[in-house]
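The exercises below ask you to read a structure step by step. Look it over, then try each task before turning to its solution.

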Amino acid sequence: MNPVRELVRTDRGRRLSRNHGVVVILCGILLFTLLVSMNTGQIRLSPFDTLRTLFGGGSGKENLVLFQFRLPRIVISILVGAGLSISGRIIQAVLGNSLADPGLLGIHAGAGFAVTMYVLFLGTQSFLAVFTMPFIAMAGGGVTSFFIYILAYARRREASPVRLILVGVALQAGLTALTTVTVVRLDETQYNFVAAWQAGTIWGANWNYVMALLPWIFILGFYVWSKALVLDVLSLGEEVAGGLGISVSRQRIFLLSSAVSLAGSCVAVGGGIGFVGLIAPHLAAKLVGSRHQILLPVCALTGSVLVLAADTVGRTIVQPSELPAGLVTAVIGAPYFLYLLRKRRN
């Protein structure tokens, strides 16, 4: 038996066992966070009451609180966290920039401006708004991404990651200002909705929004996961990817479109929750490495835990009021971004 081959096989087996262990641990943390979140709120439900209600033994009030208010919000938090983290990882791999994030690139701001215009002219009360708002947010994010790329494009050269970040930040500031001007024209109900949405509040807390978001996360998530090998190659750089026979421009368009669609659909329901697409992929990469076949599922789990924990903390820390989940993630994400920036400069 070849000792080198045996050593490689042993090392691969150890990595697989370690990665599987990480997935199991993250699933356990997510389940624990879910149970804590179900027991958290202005109306207290003990763990026993929660379990009894889950299995059909709760009172009418307990069923209403758990199944109509808390569980939809929990599921949306999980889906939003997974979608934003996968979107962030795609952007980081395709652009070759570890600091890239849907929020920093202006995708959130573009989706937010589109949603604000939709609210201004059409409102949010109709049943169709549940299913049309993700499309509106995707369109806003897509148009913004297109302009960012065009403005960051240097003559005879591809747009550099640093230029993309700088243009994205500038465009984000401009779109935020336009959104603020538009908000002045809203009535009180519309204004309250947009204000909560911009702060990153999980506002679409009902099963209709779960059903509107679920297909986007699963379909796009599975598509991106099927492109794991392409993402591995693109992470090595454009020249290496082209040399290995990858159609770089085509794959970049498809993958970035998927990232924009994931971020837009999540923003439409979860609001402007920032830094998830930055923090979760970094944490996941430290846990399981850079192979996207395992990295993408771990990104989804990490992002889900992060957003669900942020929403739970926001609902708990200042009761009876609540802090938006976006504010909680910003408190964590902003220092982490500065740390990464300083580390990159060094």
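**Exercise 1.** In this predicted model, describe how helix α3 passes helix α13 and which residues make the contact.

Solution. Begin with the handedness: the crossing of α3 with α13 is right-handed. Next take the geometry, for which one needs the angle between the two axes and the distance between them. Here α3 (residues 60–95) and α13 (residues 292–316) pack at an angle of about 135°, and their axes lie 7 Å apart. Since angles over 145 degrees would count as roughly antiparallel and 65 to 115 as roughly perpendicular, this value makes α3 oblique to α13. Then list the contact: on the α3 side the residues include I74, I78 and R89, and on the α13 side they include L295, C299 and D311.

**Exercise 2.** Determine which residues of α2 are buried and where they sit around the axis.

Solution. In α2 (residues 47–54), the buried residues are D49, T50 and T53. These residues are on the same side of α2 because they cover an arc of only 100° around its axis. Turning to the other side of α2, one finds P47 and F48 exposed. Just after the helix, G56 takes a positive phi of about 90°.

**Exercise 3.** Locate F275 and decide whether F275 is buried or exposed.

Solution. F275 belongs to the loop between α11 (248–270) and α12 (276–288). Its relative accessible area is 17%, and because buried means under 20%, F275 is buried. As for the backbone, F275 is a residue other than glycine with a positive phi, near 75°.

Key
Residues are numbered from 1 along each chain as its sequence is written. This is a predicted model: local features need pLDDT of at least 70, side-chain atom pairs count only at pLDDT 80 or more; totals for chains, interfaces and linings use all residues. Side-chain values use heavy atoms; hydrogens and water are left out. Helices (H or I, at least four residues) and strands (E, at least two) are DSSP runs, numbered from the N terminus. Buried means under 20% relative accessible area, exposed over 50%, partly exposed in between (1.4 Å probe, protein chains only). Axes are lines fitted to C-alpha atoms, for helices over the stretch in contact, and angles run from 0 to 180 degrees between N-to-C directions. Angles under 35 degrees count as roughly parallel, over 145 as roughly antiparallel, 65 to 115 as roughly perpendicular and the rest as oblique. A crossing is left-handed if the near helix is turned anticlockwise from the far one by less than a right angle, and right-handed if clockwise. Contact means heavy atoms within 4.5 Å. The arc is that of the directions from the helix axis to the C-beta atoms.
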